[in-house]
Structure formats: C-alpha cells, structure tokens
Amino acid sequence: AEVFIVILLFIGFTGNVLIFVSGNIVPHNLQPFLENGWKPILTTAFPLLTFFPFGEIIAFTMLFPYLNRPELAKKVGLFALFSSGISLAWTTSLNIAVLSVEVVERSTFPLLSSIAKVNLMEFLQRLDALVVLTLLILMFFKISILFYSAVIGMADLFNLKNHQQILLPAGIILIFLSIAIASNFAEHIEEGQKTTQYFFFPPIMVIIPLVMLFVSMIQNGFKKKDKSKSNVT
C-alpha cells in the first residue's frame, strides 16, 4: 500500500492536469450553488454517505490491537478521514464541472466518463485505463482490509489459535456471497442503498459501537476506583 499510494497520487495528479489542460471544464455547471439550501445535502449525507463510504471505517477497529504505534491511531485516522472527504468532494465537483449534474446523476462511474473526454491534439486520448487501474488498486486494498478484519473477527469469535486456518473457508464463503447477493451491478446498488441502509448501518455502525463504548467507559471507571482504593490502602 505504501508503494501504490505514490502511484495513485501520480495517476490522480496526472489525470487532473490532463482534464484541466483539455479544456473540458465548464465552471457554470457547478451553479447554482446551494440552490435548495442545506437540506438536500444533509438528507443525503445522513444516513446515505454516513454508512458508505465513511461508515466502513468500522472495519479498522479490528486492526487497532495490531498497531505498532497505537498512540497515532487517532491522529492518522482523523487525517485519513478528512483527506478522503476532501478528495471525494474535489472529484465530485470536477465530474460535475466536466459532465454537468444531469450526466453525473445518470452515470455509473462519472470519473470514467470525465477522463474519457480528454483529447489532446487528437493524440492523447482514451485514458480510461488510468481510472480502471486506480479502481482495481483501491478495491484490492479495500477488500483485503475488510476480509482480514472479518477473518480475525471470526478467529476471535470461535476462539481459534490463529486466523490462517479459517482463511480458505472464509474465502470460499466470500466468493459464493459475491455471486449470490446480486446478479448485476444495478441490483447491487439497489440492495446497498435500501437493505444496507436500514439493516446494516444502525446495528453494526452505530448501536453496537456505542454500546461497546459505554461498556468500556464503565469498565474503565471501575478500574480507576479499584486502583484508587488500592493506592489508599
């Protein structure tokens, strides 16, 4: 990931420069700004954008016990959250400026359509491969993190000595579910926006973490009391 982040930054910078140089950006497409106020933005952000993509950071909580420097988890996590939000906002604005709101709403992968419009001197064009390569790299690491978190979670749940013995069964289950959950991309999006929003988001990303936080606060409170009593004694 440390190697590929440099490659992704280079691809992203190159793609942005080429889009600007190609002259496809129409700033007027971004207007009118906040035409209907903040309400549409807030109703879209909560709960839709809350659980995807930002809600998926719950998977990183499985990795916190394995950090070499756990004291940096909060700082690095907040920086990653902020920078990814800025990146998504910039990319969305760029897509709208190039394609217009109507096209972005209908497009499955707006960034792919935006970069496809690059045509410099009838020579440099068809740069869709850059976006596809970026998606492949990002999805590889995303799936790896989610899969690893699920595997070590199952290993802990079933009290296994190590997670390696459950890798193959979990991988087979993953392949089967990836085919059975949705037969096409449109069905996948529909299930993600409806089913996940009501059945996955509240318990996994809100209720259970809050309950665990509350229990942890109570446990820490009792530990501090016991420690203070022992010091007095």
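S100 counts as buried because its relative accessible area is 14%, where buried means under 20% relative accessible area, exposed over 50% and partly exposed in between, computed with a 1.4 Å probe on protein chains only. This is a predicted model, in which local features need pLDDT of at least 70 and side-chain atom pairs count only at pLDDT 80 or more, while totals for chains, interfaces and linings use all residues. Residues are numbered from 1 along each chain as its sequence is written, and side-chain values use heavy atoms, with hydrogens and water left out.

**Single residues**

- When residues up to four places away in sequence are not counted, S100 touches N29 and N95, contact here meaning heavy atoms within 4.5 Å.
- K74 is found in helix α3, helices being DSSP runs of H or I with at least four residues, numbered from the N terminus.
- The relative accessible area of K74 is 66%, so K74 is exposed.
- K74 and I41 are 33 residues apart in sequence, and their C-alpha atoms are 27 Å apart in space.
- A186 has its place in helix α8, which covers residues 185-232, and A186 is exposed, with a relative accessible area of 55%.

**Packing of α1 with α3**

- The axes of helix α1 (residues 2-22) and helix α3 (residues 73-99) come within 12 Å and cross at roughly 25°, the axes being lines fitted to C-alpha atoms over the stretch in contact and the angles running from 0 to 180 degrees between N-to-C directions.
- That angle makes α1 roughly parallel to α3, since angles under 35 degrees count as roughly parallel, over 145 as roughly antiparallel, 65 to 115 as roughly perpendicular and the rest as oblique.
- α1 and α3 cross in a left-handed sense, which applies if the near helix is turned anticlockwise from the far one by less than a right angle, clockwise being right-handed.
- On the α1 side N16, I19 and F20 take part, and they meet W90, L94 and V98 in α3.
- The residues of this contact of α1 with α3 divide into five nonpolar, one polar and no charged, where Ala, Val, Leu, Ile, Met, Phe, Trp, Tyr, Cys and Pro count as nonpolar, Asp, Glu, Lys and Arg as charged, and the others, Gly among them, as polar.

**Packing of α1 with α6**

- The axes of α1 and helix α6 (residues 128-157) come within 11 Å and cross at roughly 150°, and the two helices are therefore roughly antiparallel to each other.
- The crossing of α1 and α6 is left-handed.
- F4, L8 and I11 of α1 make the contact with L130, L133, T134, I137, L138 and F141 of α6, and by class this contact has eight nonpolar, one polar and no charged residues.

**Aromatic rings**

- The structure holds four aromatic pairs, rings of Phe, Tyr and Trp (its six-membered ring) being paired if their centres lie within 6.5 Å, with planes under 30 degrees apart counted as stacked, over 60 as edge-to-face and the rest as tilted.
- One of these pairs is formed by F140 and F141, which are edge-to-face at 5.2 Å centre to centre with 80° between the planes.
- F140 counts as exposed because its relative accessibility is 53%, whereas F141, at 23%, is partly exposed.
- F4, F140 and F141 form one aromatic cluster.
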